2 protein chains.
Amino acid sequence: MKARVTVTLKNGILDPQGKAIEGALKSLGVDGIASVRQGKVFDIEVAGADKAKAEAALKEAADKLLANTVIENYRVEIV
Amino acid sequence: MKARVTVTLKNGILDPQGKAIEGALKSLGVDGIASVRQGKVFDIEVAGADKAKAEAALKEAADKLLANTVIENYRVEIV
């Protein structure tokens, strides 16, 4: 079963990487970009066909390793 | 206008970071994860309300800066 975990910074958390990208896009002459925030995406292949079990494993993975839940939100999707 | 650009490695491109995550999840006792591939996600606020113009700017940004199109695919979504 394929799944995707998307990890993004919480609102209010500064994102210097996003700011750097904004600056770089301006330097490159790409117009019309107001703001950028960068996150991470994990494409995960889950063993087995039990959807509830897969979601539980993915949440455990996100809580333990993929996201820092102090400053990041995550979203689990089975695709 | 809000948009999301998702950048993922092309099939066949090795992902050592994903492999490291697989190993770490096994060490942490998270079962049922067969494979992991990591990508990037950019949450972008586009100035103006013209959807076609926004998509063009986002594609330009992805081609020029956000993705290395030799080894990565990207997808632009207006959300």
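How do the residues of the lining of the largest pocket divide into nonpolar, polar and charged? I got seven nonpolar, six polar and ten charged, where Ala, Val, Leu, Ile, Met, Phe, Trp, Tyr, Cys and Pro count as nonpolar, Asp, Glu, Lys and Arg as charged, and the others, Gly among them, as polar.

**Ground rules.** I am working on a predicted model, in which local features need pLDDT of at least 70, side-chain atom pairs count only at pLDDT 80 or more, and totals for chains, interfaces and linings use all residues. Residues are numbered from 1 along each chain as its sequence is written, chains are lettered from A and ligands numbered from 1 in the order in which they are written, and side-chain values use heavy atoms, with hydrogens and water left out.

**Largest pocket.** I noted a volume of about 420 Å³. My term: a pocket is an open set of points on a 1 Å grid over the protein atoms alone, where a 1.4 Å probe fits, with protein on both sides within 12 Å along at least five of seven lines; lining residues have an atom within 4 Å of a point. Grid points are joined across faces, edges and corners, and the volume is the space filled by probe spheres set on the points. I found 23 lining residues, with Ala3(A), Arg4(A), Val41(A), Asp43(A) and Val79(A) nearest the centre. Strand 2 of chain B gives the most, with five residues (strands are DSSP runs of E, at least two residues, numbered from the N terminus).

**Second largest pocket.** Here I read about 320 Å³. Its lining has 16 residues, and Asn11(A), Arg37(A), Lys2(B), Arg4(B) and Asp43(B) lie nearest the centre. Strand 2 of chain A gives the most to this lining, with four residues. By class I list four nonpolar, six polar and six charged.

**Symmetry.** I superposed chain A on chain B with a rotation of 180° and 0.0 Å of shift along the axis, at RMSD 0.0 Å (least squares on C-alpha atoms of residues with pLDDT of at least 70 in both). The two copies are thus related as by a two-fold rotation axis. In chain A, the C-alpha of Lys40(A) is nearest the axis, 2.3 Å from it.

**Interface.** I count 35 residues from chain A and 35 residues from chain B in the contact (heavy atoms within 4.5 Å). The copies meet through the same surface, because 100% of the interface residues of chain A are also interface residues in chain B. About 2,700 Å² is buried between the chains, 66% of it from carbon and sulfur atoms; this is accessible area (1.4 Å probe) lost on being put together, summed over both parts.

Which did I find across the interface of chain A and chain B? The rule finds zero there, with a side-chain nitrogen of Lys or Arg required within 4 Å of a carboxyl oxygen of Asp or Glu. The whole structure has twelve. I looked at Glu45(A) with Lys2(A), whose closest N and O atoms are 3.1 Å apart. Glu45(A) sits in strand 2 of chain A and Lys2(A) in strand 1 of chain A, so the pair ties together parts 43 residues apart in sequence.

How values were computed
Buried area is the accessible area (1.4 Å probe) that two parts lose on being put together, summed over both.
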